[in-house]
2 protein chains.
Amino acid sequence: MTKFDLKHILKTYQIILIWGDNLATIYEEHAKVFKAFCDEKRLRILELLRGGEKCACVLLEQLDLGQSGLSYHMKILVESGVVESCQEGKWTHYKISEKGSAYAGTLLKELTKPNTVIEKNNCCKK
Amino acid sequence: MTKFDLKHILKTYQIILIWGDNLATIYEEHAKVFKAFCDEKRLRILELLRGGEKCACVLLEQLDLGQSGLSYHMKILVESGVVESCQEGKWTHYKISEKGSAYAGTLLKELTKPNTVIEKNNCCKK
DNA sequence: GCTTCAAATCAAATTTTGTCAATATGATCT
DNA sequence: AGATCATATTGACAAAATTTGATTTGAAGC
């Protein structure tokens, strides 16, 4: 029977463990962060939240969205880390997470910054 | 016959003109920038390009993607501004655009930075 | 406990994205 | 010009994201 070195497998295939249950590549995880900024409605929501913390009912008033639609987008925003929510009795308040948006910014820089090791990959004899 | 003030309309509805032909909201335009980072394959491509300029054939070799698939994703990357392409005879070379990725970073900060005017929007008497 | 209200979840319909194979374009070479 | 190679475009299909309305959950008030 083959033995597995989980750590080695995860590293080799760039797979990470999330919530103990799900498997996802690091790419999926990174993509999730930027999903926040990839949809018109969500950008509009972020714009509203830039004006300060708001509860769902206020957002609902100002957006062309139904209740379940708002809930759907808020979930994506919260899962991206860019927005945080706090419950107050029946109400849920949302605000932009400083930490989360700083992370998104750092990640973006990371993802576009030249590698330390630049390979000379002159395939087609440029 | 009603007269229209185009400038006023564009400003009011936050619509912008692109390529002289198409109409799009500012939100769509912003979303386009971050589409670059919202897909596993594209993140993988960016990772390869962090190692320096590469031509399509090299990318093709290293990715689990067909030729038309690569072309599809490269188009989205180039349209986001994060990647730039240059033609060399039959070959197309791609690299990460410093300007484009700096813009993406600035935009991200912009989209998450608190507004100068913070409204007190205590709807549900928090 | 029952009612009410806010928000989340679900299921179905719709729209948007991504994939794949075939074809078209455009540059180079003979 | 005709052949060849690299990439782009197209159209059909599959998969994922979004929308909508109905239902459920969970907190508060009676």
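Modeller: What follows is a conversation about this predicted model, in which each term is set against its definition.

Biologist: What makes the two copies, chain A and chain B, related as by a two-fold rotation axis?

Modeller: Chain B is superposed on chain A by a rotation of 180 degrees, with 0.0 Å of shift along the axis and an RMSD of 0.0 Å. The two copies are thus related as by a two-fold rotation axis.

Biologist: How do you know that the copies meet through the same surface?

Modeller: Of the interface residues of chain B, 100% are also interface residues in chain A, so the copies meet through the same surface. The contact takes 43 residues from chain B and 43 residues from chain A. On the side of chain B that touches chain A, the largest share comes from helix 6 of chain B, with seven residues, and by class that side has 21 nonpolar, 10 polar and 12 charged residues.

Biologist: Why are helix 3 of chain A and helix 2 of chain B called roughly perpendicular?

Modeller: Their axes, taken over residues 40–49 for helix 3 of chain A, come within 9 Å and cross at roughly 105 degrees. Angles from 65 to 115 degrees count as roughly perpendicular, and the two helices are therefore roughly perpendicular to each other. The contact is made by Glu40(A), Leu43(A) and Arg44(A) of helix 3 of chain A, and by Tyr27(B), Glu28(B), His30(B) and Ala31(B) of helix 2 of chain B; by class it has three nonpolar, one polar and three charged residues.

Biologist: What makes helix 3 of chain B roughly perpendicular to helix 5 of chain B?

Modeller: The axes of these two helices come within 10 Å and cross at roughly 75 degrees, which makes helix 3 of chain B roughly perpendicular to helix 5 of chain B. In this contact, Lys41(B), Arg42(B) and Ile45(B) of helix 3 meet His73(B), Ile76(B) and Leu77(B) of helix 5, and the residues divide into three nonpolar, one polar and two charged.

Biologist: Which residues are the closest to DNA strand C, and how many surround it?

Modeller: DNA strand C is surrounded by 21 residues, the closest being Ala56(A), Ser68(A), Ser71(A), Ser68(B) and Gly89(B). Two or more residues each come from helix 4, helix 5 and strand 5 of chain A, together with helix 5 of chain B. Helix 5 of chain A gives the most to this surface, with six residues, and by class the surface has eight nonpolar, eight polar and five charged residues.

Key:
Residues numbered from 1 in each chain as written. Chains lettered and ligands numbered in written order. Predicted model: local features only at pLDDT ≥ 70, side-chain atom pairs only at ≥ 80, totals over all residues. Near = placed C-beta within 6 Å. Helix = DSSP H or I, 4+ residues; strand = E, 2+ residues; numbered from the N terminus. Nonpolar A, V, L, I, M, F, W, Y, C, P; charged D, E, K, R; others polar. Least-squares fit on C-alpha atoms with pLDDT ≥ 70 in both. Contact = placed C-beta atoms within 7 Å. Axes fitted to C-alpha atoms, helices over the stretch in contact; angles between N-to-C directions. Parallel < 35°, antiparallel > 145°, perpendicular 65-115°, else oblique.
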